[in-house]
Amino acid sequence: MTETEIGAASPARGSARKERQLVSLTSKPSPATQTSRPEGRTACVRTFGCQMNVHDSDRMRRMVLDAGYAEVQRYEDADVVILNTCYVRENAVDRVRGHLGELNRLKREGRVKKVALAGCIGAAEESSELKEQYGLDLVIGTHNTYELASFVGLPTMEETYTPELPGTVGEHSAFVTIMTGCNYQCSYCIVPSVRGRMVCRPLDNVVAEVERLVASGTEYITLLGQTVDAWRHEGLRFYDLLKRVSEVAPRVWFTTSHPSNMEDRTLRLIGESETIVRRLHLPVQSGSDRLLKVMHRGYKSERYRRKVEVFRESVPDGTLSTDLIIGHPGETEADHEATLRLVEECGFDSAYIFKYSPRRGTEGAEMHERGEAVPEDVVQRRFLQVLRAVEQNAFRQNQAKVGSEEEIFIRHGVSDSGKAIGETWSGHSVHVGPEVLSPKTGLPPEPGEYVRAKILSAGPHVLYA
Ligand code: 5AD
Ligand code: SF4
């Protein structure tokens with residue numbers, strides 16, 4: 001789930017692109033025009049990483065606003081800076097170190113007063129070293145966000161481990177966390193040690209939040225969790241929860257799923273429902289059974305292919321995306337070829353492709369240290385081969401949409417480039433040109449509105465209307 005320049009992901013559908021998406025979800029208008037320092041206490045919340053982090057940042061932002069701070073975008077304008085961080089790959093940490101270095105300088109110059117490090121790096125062992133090195137004022141993990149309350153001067157909050165704080169009310173799109181943590185132990189992954197074991201939020205609690213959000217005008221609900229389809233509570237499974245939410249929300253999506261938890265009936269529900277976006281993100285990581293075993297993924301490639309078959313059958317116009325790791329320690333040429341074959345057969349519409357990054361304390365890192373690392377030039381070649389295969393598929397599939405008329409949900413209003421960004425019901429991202437106007441107002445469409453438009457052209461990553 002996503003990261004600020006994290007990993008050597010595919011340049012377009014990779015994590016850099018993901019970050020751009022995420023940042024635009026959280027950014028506030030016009031930092032460039034802001035020249036003088038605002039009056040009163042100010043705070044800057046900067047997010048690195050996945051949608052879970054974006055959501056956590058919303059909660060942190062609400063705490064600082066409640067405490068009377070004005071939000072600013074630039075570090076130099078902020079009394080308090082909160083970095084909500086990602087730990088999933090090593091270069092994410094390098095990137096955060098760069099920011100911490102700059103903040104340390106601003107603090108010495110007396111511009112920034114306090115710096116807090118939050119999120120997944122905050123939960124990792126390395127955080128005490130960072131605290132020391134950069135003179136941080138607060139380090140918090142993902143389970144003790146409430147400690148931020150007293151840091152910013154709010155009365156101490158009691159927060160349960162399961163996030164039951166509401167999502168963003170009154171926005172056209174909102175994230176709703178339905179579970180946190182993860183019970184898997186994938187060889188390469190740091191998440192279980194920073195986010196802990198799975199905790200699921202009760203169904204009624206989730207539905208009540210969704211109802212509240214919808215009543216306040218939210219059009220689009222994204223259900224979030226590390227393994228969202230592993231959600232279960234009092235005999236109910238993710239299928240039951242998705243069905244209930246799809247009955248009360250006008251538009252729903254969910255991420256991230258795990259192939260071992262994905263039930264066929266859930267895939268069929270995506271095809272049957274009028275409100276679920278027909279896009280499935282199902283990380284496969286590798287096409288090699290041998291490597292999937294080393295990774296402890298808990299499924300073979302055949303099972304993954306079967307899931308994809310059910311999805312394609314039940315949701316013929318749906319889009320499928322995945323995550324792939326290139327160069328896990330011990331990855332052979334035969335493993336790589338198996339991945340290329342799987343990519344061809346599954347015809348992904350997009351993929352987040354990551355070069356393996358060793359994370360301290362994981363099994364993968366031990367293998368890396370034992371001399372099983374794949375040489376960098378080999379990783380680079382394999383990475384480009386996989387990227388090319390994914391892009392060719394995606395381009396072909398996107399071309400097939402040209403000429404069709406689509407109902408497009410506007411996610412971001414018209415930018416300086418004159419285009420709005422929207423999403424079709426099949427989950428395609430669409431750049432909407434200035435000729436397309438809102439049917440309600442006759443003006444350029446606003447976020448949260450629907451427009452109907454013809455797809456004029458397509459690239460490997462987006463459609464153009
Ligand atoms: N190295 C590279 N990629 C990783 N991911 C998780 N951990 C690592 C790692 N150590 C990728 C996986 C996961 C996505 C969120 O990040 O593909 O699905
Ligand atoms: Fe990490 Fe695996 Fe859990 Fe996903 S399922 S969060 S990759 S341990």
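1. Ligand 1 has twelve residues around it, and those that come nearest are Arg89, Tyr188, Gln285, Asp323 and Ser357. The model is a predicted one, and the points below should be read with that in mind.

2. An N or O atom in the side chain of Asp323 lies 2.6 Å from an oxygen atom of the ligand. For the side chain of Arg89, the distance from an N or O atom to a ligand oxygen is 2.7 Å. Ser357 takes part through its backbone: one of its polar backbone atoms is 2.7 Å from a nitrogen atom of ligand 1. The ligand would expose 400 Å² if taken alone, and the protein buries 93% of that area.

3. Which elements give two or more residues to the shell around ligand 1? They are strands β14, residues 319–326, and β15, residues 350–355. Sorted by class, this shell holds six nonpolar, four charged and two polar residues.

4. Ligand 2 has its own surroundings, made up of Cys182, Tyr184, Cys186, Tyr188, Cys189, Val191, Pro192, Thr227, His258 and Arg297. By class, seven of the residues in this shell are nonpolar, two are polar and one is charged. Tyr188 deserves a look in the viewer, as it is named among the nearest residues of ligand 1 and also in the list for ligand 2.

5. Lys355 is located in strand β15, one of the elements named above for the shell of ligand 1. Is Lys355 buried or exposed? Its relative accessible area is 14%, under the 20% cut-off, so Lys355 counts as buried. Its side chain makes a polar contact of 3.4 Å with the side chain of Glu376.

6. Asp77 sits in a loop, the one between β2 (70–71) and β3 (80–85). Asp77 has a relative accessibility of 3% and therefore counts as buried. The side chains of Asp77 and Arg74 are joined by a polar contact of 2.9 Å.

7. Tyr134 belongs to helix α5, which covers residues 126–134. With a relative accessible area of 12%, Tyr134 is buried. What does Tyr134 contact, leaving aside its neighbours within four places in sequence? The residues are Arg97, Leu100, Gly101 and Asn104. Gly101 is 33 residues away from Tyr134 along the chain, yet their C-alpha atoms are separated by 6.7 Å.

8. The protein chain contains 15 helices and 21 strands. It has 465 residues, of which 58% count as buried. The chain exposes about 18900 Å², with carbon and sulfur atoms supplying 50% of that area.

9. The mean pLDDT of the protein chain is 86, and 88% of its residues reach 70 or more. Residues 1–35 stay under 50, and the model has 96 contacts for them beyond four places in sequence. A further stretch with pLDDT below 50 covers residues 157–167, which has 34 contacts in the model beyond near neighbours in sequence. Where pLDDT is low, the predicted coordinates should not be read in detail.

How values were computed: Residues are numbered from 1 along each chain as its sequence is written. Chains are lettered from A and ligands numbered from 1 in the order in which they are written. This is a predicted model: local features need pLDDT of at least 70, side-chain atom pairs count only at pLDDT 80 or more; totals for chains, interfaces and linings use all residues. Side-chain values use heavy atoms; hydrogens and water are left out. A residue is near a molecule or strand if one of its heavy atoms lies within 4 Å of it. A polar contact is a pair of N or O atoms within 3.5 Å; within protein, one must be able to donate a hydrogen and the other to accept it, and residues adjacent in sequence count only if both atoms are side-chain atoms. Accessible areas come from the Shrake-Rupley method with a 1.4 Å probe; for residues, only the protein chains shown count as cover. Helices (H or I, at least four residues) and strands (E, at least two) are DSSP runs, numbered from the N terminus. Ala, Val, Leu, Ile, Met, Phe, Trp, Tyr, Cys and Pro count as nonpolar, Asp, Glu, Lys and Arg as charged, and the others, Gly among them, as polar. Buried means under 20% relative accessible area, exposed over 50%, partly exposed in between (1.4 Å probe, protein chains only). pLDDT is the predictor's confidence in each residue, from 0 to 100. Contact means heavy atoms within 4.5 Å.
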